[in-house]
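Hi everyone, thanks for making the time. I'd like to walk you through the charged side chains in this one, so let me put it up on the screen.

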Amino acid sequence: MRIPQTKLLRLGAAGRAFSWPGIVMALAIWEFAPRLNLVPSGYVPPASSVLADFASILKTNAFWDDVGSTMLAWAVGMWIAVIAAVAAGMLIGSNKYAYRATRFLIEFLRPIPAVALIPLAVLIFGITTEMKVFLVVFATFWPILFQAVYGVRETDAVARDTARSFGFSRAEIFWHVTLPSAAPSIATGIRLASALAIVIAVTAELISGGPGLGTAILAAQSAGSNVRMYALIFAAGLLSYIVGTLIVVIERRLLRWHPSHRKAVA
């Protein structure tokens, strides 16, 4: 199901308005639940211990090397997926025959979880950055493609006909009508895919190994250092949040002309 841009932005604005009380409450529960023996402190250490360890690993080169490895796969994979999915989405969405011909294939391939392809990716690429990039591209291609296709198909027909009546060529209609109309939908797909890309990169490292945050989390768990394991998990979550926030900021600046953004801000 395609997710409306306006609804997502309104949910995001509402979430930001009420985020701090939720964060404080979550940290309080995390801190006191193990200290009051509501959960075993050996499995779930208090928040203060985890955050102190997180602060300490920020000073180590090994941590930043792991972050760099994970983010390299994220960046390259997202770049390839965005270019390929937007180009394919423009083509499929603009042509009814292409849409009908590919609809079943898209609906069939889209639900396949990328982690199910890890054995195949390891077989082809080995435990390398290319393996993680392949998985990130596969996982993120479909949400961006889906949003691009339906963004193009929902272009206002009256606007297209008006442009055609003024003598616009097909290329001019595409650049001045279709692409601006589909841009918010494409941006939504990119935003959703960006968080998914980090999840897939970390999961691939957890399962197959190779440098990155996932492997560091697994190494900490194997060494029995639960505090370090939770600190690295916290780092992965924080990284995903920062990336998502940056994408929202860029999206707002690039699409500030669109009514959905003006309504969300209002």
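Let's begin with a quick one: in which helix does arginine 103 lie? Arginine 103 is in helix 5. A word on the numbering of elements: helices are DSSP runs of H or I with at least four residues, strands are runs of E with at least two, and both are numbered from the N terminus.

Before going further, please keep in mind that this is a predicted model, where local features need pLDDT of at least 70, side-chain atom pairs count only at pLDDT 80 or more, and totals for chains, interfaces and linings use all residues. Residues are numbered from 1 along each chain as its sequence is written, and side-chain values use heavy atoms, with hydrogens and water left out.

Back to arginine 103. Its relative accessibility is 46%, so it counts as partly exposed; buried means under 20% relative accessible area, exposed means over 50%, and partly exposed is in between, with a 1.4 Å probe and protein chains only. Together with Lys96, Arg100 and Arg153, Arg103 forms a patch of positive charge on the surface. For such a patch, residues need over 30% relative accessible area and no salt bridge, and like charges are joined within 9 Å. Helix 5, residues 96-109, is the top contributor to the positive patch, with three residues.

Now to the paired charges. Side chains of opposite charge can pair when their charged atoms come close. A salt bridge here is a side-chain nitrogen of Lys or Arg within 4 Å of a carboxyl oxygen of Asp or Glu, and that rule gives six of them.

One joins glutamate 205 to lysine 132, at 2.8 Å from N to O. Glutamate 205 sits in helix 9 (residues 170-208) and lysine 132 in helix 7 (residues 129-153), so this pair ties together parts that are 73 residues apart in sequence. Are these two buried or exposed? Glutamate 205 is buried, at 0% relative accessibility, and lysine 132 is buried as well, at 3%.

Another brings arginine 191 and glutamate 251 together, at 2.8 Å, N to O. Here arginine 191 of helix 9 is linked to glutamate 251 of helix 11 (residues 226-254), 60 residues apart. Arginine 191 is buried at 14%, and glutamate 251 is buried at 4%.

Finally, aspartate 161 and arginine 164 meet at 2.8 Å, N to O. Both lie in helix 8 (residues 157-165), three residues apart, about one turn of the helix. Aspartate 161 is partly exposed at 44%, and so is arginine 164, at 47%.

Terms used: Patch = residues over 30% accessible without salt bridge, like charges linked within 9 Å, V, L, I, M, F, W, Y side chains within 5 Å. Areas by Shrake-Rupley, 256 points an atom, 1.4 Å probe, with all protein chains shown as cover. Lys, Arg positive; Asp, Glu negative; His and termini not counted. Charge placed at Lys NZ, Arg CZ, Asp CG, Glu CD.
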